[in-house]
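Open the model in your viewer and keep the selection tool ready. The tour visits aromatic rings, then charges, then nonpolar cores.

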Amino acid sequence: MQIQRVMKSRANLKGHPIHPLLIPFPIAFFIGTLFFDVLSAIYNNPGFWQTGKYLNIAGIVTALAAAIPGIIDYIYTVPPQSSAKKRGATHGILNTVVVVLYAVAYYLKEDHSTILILAIEAIGSVLLFISGWLGGTLSYRNQIGVDPRYADAGKWKEAYLDETNGIIEVAATDELKTDQMKLLHVAGKRIVLGKTEDGYVAFDDRCSHKGGSLAGGMMICGTVQCPWHGSQFDCKTGAVKAGPAKEKIAVYTVSEKSGIVYLQL
Ligand code: FES
């Protein structure tokens with residue numbers, strides 16, 4: 001059995017997601033490009049034009065750098081089959097279009113077709129704003145990259161397991177504190193192992209409403225609450241205790257023996 005523990009965001013610096021650290025650079029450089037190109041058009045100043053070109057290059061380079069941790073978070077952190085996955089895909093496509101538009105604008109600068117260049121950069125800036133809005137929603141509402149703390153300051157736990165079926169070892173009995181959860185990646189599924197006052201439970205990580213990650217939510221008194229819209233589920237039966245979710249979540253059999261917690265797939 002191979003167990004690898006990681007923070008919630010796979011691309012992080014001491015737990016801080018890297019993507020949000022990098023995105024201010026391309027945003028500032030791209031908007032700066034448009035700003036100096038407009039100044040150049042107004043004052044017919046070659047210095048402004050040259051500054052815009054430097055900022056244009058800086059924007060493209062830093063956007064590509066910021067894309068790397070963003071793609072890693074999209075693949076590994078954004079819950080699959082969720083509204084955030086669609087939002088993240090739109091965010092990535094818009095950012096790609098922005099980079100292409102600014103690359104085209106840079107290429108056209110050799111011909112000094114100013115109005116066309118400014119129009120392309122203006123469209124790129126509008127798309128950048130929309131994409132940034134979606135990125136904000138991913139961070140502040142969908143909580144992508146958030147590193148939660150559980151009761152008694154229990155920290156985020158996550159494990160990748162090689163097994164595909166049968167009864168598998170998933171934790172030591174004293175590994176989790178009461179009301180703490182651990183996200184398991186096993187057999188192509190995301191399963192949450194939780195410790196309640198009555199012992200260990202296991203259930204699907206995917207909220208049946210819009211796919212929120214229940215491991216990133218709150219568990220108390222045998223009830224888990226989704227962090228996205230507040231649906232609550234019974235951890236033992238998977239039944240809905242509070243909407244907007246209408247469908248129950250799958251639950252799994254868990255047993256404890258000789259200090260080890262086992263999950264039955
Ligand atoms: S995704 Fe909406 S309540 Fe869970």
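Rings of Phe, Tyr and Trp (its six-membered ring) count as a pair if their centres lie within 6.5 Å; planes under 30 degrees apart make the pair stacked, planes over 60 make it edge-to-face, and the rest are tilted. By that rule, this predicted model holds five aromatic pairs.

**Stop 1: a stacked pair.** Select Phe-30 and Tyr-102. Their ring centres are 4.2 Å apart and their planes meet at 25 degrees, so the pair is stacked. Now colour the helices. Phe-30 belongs to helix 2 (residues 24-43) and Tyr-102 to helix 4 (residues 83-108). The two residues are 72 residues apart, so to speak of distant parts of the chain being linked is what the pair shows. Buried or exposed, Phe-30 and Tyr-102? Both are buried.

Stop 2: Phe-36 is in helix 2 and Phe-48 is in helix 3 (residues 46-76), so the contact ties together parts 12 residues apart in sequence. Check the surface next. Phe-36 has 21% relative accessibility, so it counts as partly exposed. Phe-48, at 23%, also counts as partly exposed; the cut-off for buried is under 20%. With Phe-36 and Phe-48, they form one aromatic cluster.

**Stop 3: charges over rings.** Select Tyr-74 and Lys-85. The charged end of Lys-85 sits over the Tyr-74 ring, 4.5 Å from its centre. Then move to Trp-49 and Lys-109. The charged end of Lys-109 sits over the Trp-49 ring, at 5.7 Å from the centre.

**Stop 4: the largest nonpolar core.** Which members of this 22-residue core touch the most others? Select Met-181, Phe-203, Leu-214, Val-224 and Phe-233. Strand 5 (181-186) and strand 7 (199-204) are the elements that give two or more residues to the core. Domain 1 (12-140) and domain 2 (151-264) both contribute residues, so the core lies between them.

Centre the view on Phe-203. Beyond its neighbours within four places in sequence, Phe-203 has contacts that include Met-181, Ile-191, Leu-214, Met-219, Val-224, Cys-235 and Tyr-252.

Conventions. Residues are numbered from 1 along each chain as its sequence is written. This is a predicted model: local features need pLDDT of at least 70, side-chain atom pairs count only at pLDDT 80 or more; totals for chains, interfaces and linings use all residues. Side-chain values use heavy atoms; hydrogens and water are left out. A nonpolar core is a set of buried Ala, Val, Leu, Ile, Met, Phe, Trp, Tyr and Cys residues joined through side-chain atoms within 4.5 Å. Buried means under 20% relative accessible area, exposed over 50%, partly exposed in between (1.4 Å probe, protein chains only). Helices (H or I, at least four residues) and strands (E, at least two) are DSSP runs, numbered from the N terminus. Domain bounds come from an automatic or database domain assignment. Contact means heavy atoms within 4.5 Å. A charge sits over a ring if NZ of Lys or CZ of Arg is within 6 Å of the ring centre and within 35 degrees of the ring normal.
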